[in-house]
Amino acid sequence: MDIRLQSKLMIYKTLFSFLLLFLLSQSLIAQTNIAKDSTEAVSQDSINSPLIEYSNSTPKYEIAEINISGADNYEDFVLIGFSGLAIGDIISVPGDAITGAVKRFWKQGLFSDVKILATKIKDGKIWLTIDLKQRPRVSEINFNGLKKSEIEDLQLKIGIVKGNQITPNISDRAKKVIQKFMEEKGFLNVEVDVFQKNDPTKAGHVIVDVNVDKKLKTKINQLIYVGNSALTHNQINKAMKKTNDKNWRNFFRTKKFVKEEYEKDKIALIEKYNEIGYRDAYITSDSVVKFDEKTVNVYITISEGKKYYFRNIKWVGNTIYSFDYLNAVLGIKKGDVYNHKHLMERLETDETDAVSKLYKDRGYLFFQIDPVEVQFENDSIDFEMRMYEGKPATINEIGIKGNSRVYEHVVRRELRTKPGQLYSQEALMRSLRELAQMGHFDPEKLKPDILPNPENGTVDINYELETKGSDQVEFSAGWGSTGIVGSIGLKFSNFAIQNLFRPETYRIVPQGEGQTFSLNARTNGQSYSSVSMSFLEPWLGGKRPNSLSASIYYSSQSDVSERYRSSYSSSMYSNYSPYSSYNSGYNNSYSSGASTQYQSEMDPGKYMRTIGASLGYGKRLNWPDDYFVFQGELSYQLFMLKNWLYLPPLTEGNYNNISIGLTLSRSSIDNPIYTRSGSSFSLGLKITPPYSAINGKNYADPNMTNAERYKFIEYHKWTFNAKTFTPISADNKLVIMGRAMFAYLGEYNENARSPYETFIMGGDGMSSYTSYGTEYVAMRGYTSGSLTPYDPKIGTNMGYLYNKFTMELRYPLSLEQSATIYALTFLEAGNSFNKMTDYNPFDLKRTAGLGVRIFLPMFGMMGIDWGYGFDKVNGTKSGGQFHFVLGQEL
């Protein structure tokens, strides 16, 4: 062999040996690092650490002790437990147990460095120290580039919390949350940075700066559609509710471009095509192209396909209802345009008469139906309705959760679902309505939890309730020209008269039975005062929904002295009347000097005092349906007058009003506070005995005194009130309320025409006084009482007949338990008349306006309306008027 070749081979062998020796040494060194990313497993950090020898056989040790260092904010036993290591364990060093412990700490994300050190090895035992380096905690968060309201919305969402640790994952998540939040507001080009800097005042803490550069808000300049012929540009624009261009029809709609909403609108567009028969329609392509710094153009290409129609519909599996009946309920005929949404509504989702509801109302809770397209021929589709009726489900248990206000039997008596009955969807929905009508639970959060058990054919129903306060307090106080002015009212809607002598049930008053007890007191200084008390038991005897009501009341009104009246021009008083506050010239024109003296000039010898009581009974009817209620009431009023000038026929004496009231009503409204659906109707008759026909007196005799003529007041009073509520938006929030009202006060004898029970129309329906002999009727846009006709025979303004029509458009601003708030606009027309011969149904005073209502559980319904009266009254145009609402209905 060549000497040079041998020399080269020797050199190569030598280099190979050195290389092999180097790799072997590196391999041994590498085994000392058990974990990645600079994490050290059992190793020697100091010259005093034990020597760990690595060989082909991995040594095993028993853990003698585990210590923690570098984690002062955590308990040692918690971290040791989290590591998965325990004293007494036999582990390999290096080995999987050490590596797994390190990985667990890394996965937690709370530490920036993790080491496990062997501090001592002796007699087959090993002493370990888990050395940790904590990530910093947040001492302060600064937001830059955001509004205050945006910061408030984001603070709880981004996951960066003062006092908590911050990790790279938390920072990244915060960026994504902020970017998505701003994109929803139309800022597609937003840039977000999260910076940390050491807090010089707190060791181990950092100050976090969240910097947001919104850029310009992105809006849509133009929507450009290609391939559409079945739907126009405007129809597509309407279908895409949140993606709108600058078309004038979108004046009140958002123009922001939000990716998430855009994706939803593309789905909505295809659903719209499906509704008009284009079953195969789809978007072939779409793109968003920057138009300028603020806007983008959206291009959508559509493949509509052909229009389809329903042809043959076959029912399979039905035994309860016939084919013909099911077809009639479905309401889809051969030749109708294919509409999958309408099909599913008629099968499943229509609340009133869907096919599935027919079955579920008869107990077939497990009913299922699957509409299958079985054949296509040209543009026609045949359907097969494959049904599984199952067996009727029996109600097993009824649970009530969340009730902390009334006794449980008070809740259960309102339920239409009872254990042992067949399940009924209609009974379930009626139960929810009755619970809402009680007023003790939040109607927006009433929901049933239905737990079917197909194996044994039963179902459990749990009613999940959220209690709300329904007691009300009214209090006002001030100082007026007649002295102290104010009112106090207490309404307890969960009263329990049965617990009157059980102090342990008292929460101010005995509570728990759902009865209503009210106390009210009002004063206008020396000129007016009243007190009243009422009680209502909605379930007399506790077994049937028959109500018992009772009330008593007293009021006193006084007048000023003759000396004071003479001192200030009689013109101030010529039109003043407690019944006609619109004519109270005195109230509007007296001087400050008169106001000062007015309090001391009240004449106790001039007054009108009223004492009254009533007792009523109501019964729920079963026919025509059980929404009907019949009520009867016996009432008595005693009017005591002395030198009273404001009711010209009656100035002196005592007058009695004994009447029976009969009312037939029906109410199916879903929610007593913010009503979305249903209706309410009532027809009432209030009558007195026809004294003039039975007492033998000649009421036409001009010598008969008024004290004798009206000693027993006689009349018949008819009232009609109808309201309907119709939701007109997909979410049932936008609601139209329509109302019609009619009332007539008639007489048995024209010479004994009653001056009481008359109508005062106009304004907000409130008066400075509570006169039990007069009914105030609101008419927004006009001053108080201004639509009341003048009665020449009596000599004052009195209405004996009125009609009124209202239409309101309502939308809720808040439906929270703490406050229900909704805005409204209205159109209203009405008028009042002195006698039936004056009545003209087309002689109406018109008004329009807007307002807001707020219902607070403690104070009831309040609000303010502004109305504009379009028609003149007594030659004067009313114009705009503000009206306040305090409990009454306008």
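Author: Let's begin with a pair of side chains. This is a predicted model, and in it a polar contact of 2.6 Å joins the side chains of Thr 458 and Asn 456.

Reader: Where does Thr 458 sit?

Author: You'll find Thr 458 in strand E16, which covers residues 458–464.

Reader: And is Thr 458 buried or exposed?

Author: The general idea is that a residue is called buried when its relative accessible area is under 20%. Thr 458 comes out at 17%, so it counts as buried.

Reader: Which residues does Thr 458 touch?

Author: Leaving aside residues up to four places away in sequence, Thr 458 touches Phe 366, Thr 394, Asn 396, Leu 451, Pro 452 and Asn 453.

Reader: Now helices. How do I read the length of helix H5?

Author: You can compare its span with what 1.5 Å a residue would give. Helix H5, residues 168–184, has 17 residues and reaches 25 Å from its first C-alpha to its last, close to the expected 24 Å.

Reader: Which residues of H5 are buried?

Author: Ser 171, Ala 174, Ile 178, Phe 181 and Met 182 are the buried ones. They cover an arc of only 95° around the axis, so they sit on the same side of H5. On the other side, Asn 169 and Lys 176 are exposed.

Reader: What do the buried residues of H5 pack against?

Author: Their partners are helix H4 (148–155), strand E6 (191–198) and strand E7 (205–213). Have a look just past the end of the helix too: Gly 186 takes a positive phi of about 95° there.

Reader: What happens at the start of H9?

Author: A side-chain oxygen of Asn 339 reaches to within 3.1 Å of the backbone nitrogen of Lys 341.

Reader: How do I go about finding empty space?

Author: Rolling a probe the size of a water molecule over the atoms shows where empty space is left. Take the second largest pocket here: its volume is about 1,300 Å³. Its lining has 31 residues, and Glu 351, Met 429, Arg 433, Asp 670 and Ser 677 lie nearest the centre.

Reader: Which helices supply residues to that lining?

Author: H9, H10 and helix H12 (425–438) each supply at least two. H12 gives the most, with 8 residues.

Reader: And how many cavities are there?

Author: The count is 2 cavities of 30 Å³ or more. The largest cavity has a volume of about 80 Å³. Of the 13 residues lining that cavity, Asp 442, Pro 443, Ile 673, Glu 816 and Thr 820 lie nearest its centre.

Reader: Last one: what does the whole chain look like?

Author: The protein chain has 17 helices and 38 strands. Of its 890 residues, 45% count as buried. Among contacts between residues at least 6 apart in sequence, 61% join residues at least 24 apart.

Notes:
Residues numbered from 1 in each chain as written. Predicted model: local features only at pLDDT ≥ 70, side-chain atom pairs only at ≥ 80, totals over all residues. Heavy atoms only, no water. Polar contact = N/O pair within 3.5 Å; in protein donor to acceptor, adjacent residues only side chain to side chain. Helix = DSSP H or I, 4+ residues; strand = E, 2+ residues; numbered from the N terminus. Expected span 1.5 Å × (residues − 1). Buried < 20%, exposed > 50% of the residue type's maximum accessible area, 1.4 Å probe, protein only. Arc of directions from axis to C-beta. Contact = heavy atoms within 4.5 Å. 1 Å grid on protein atoms, 1.4 Å probe; cavity = no way out; pocket = protein on both sides within 12 Å on 5 of 7 lines; lining within 4 Å. Points joined across faces, edges and corners; volume = space filled by probe spheres on them.
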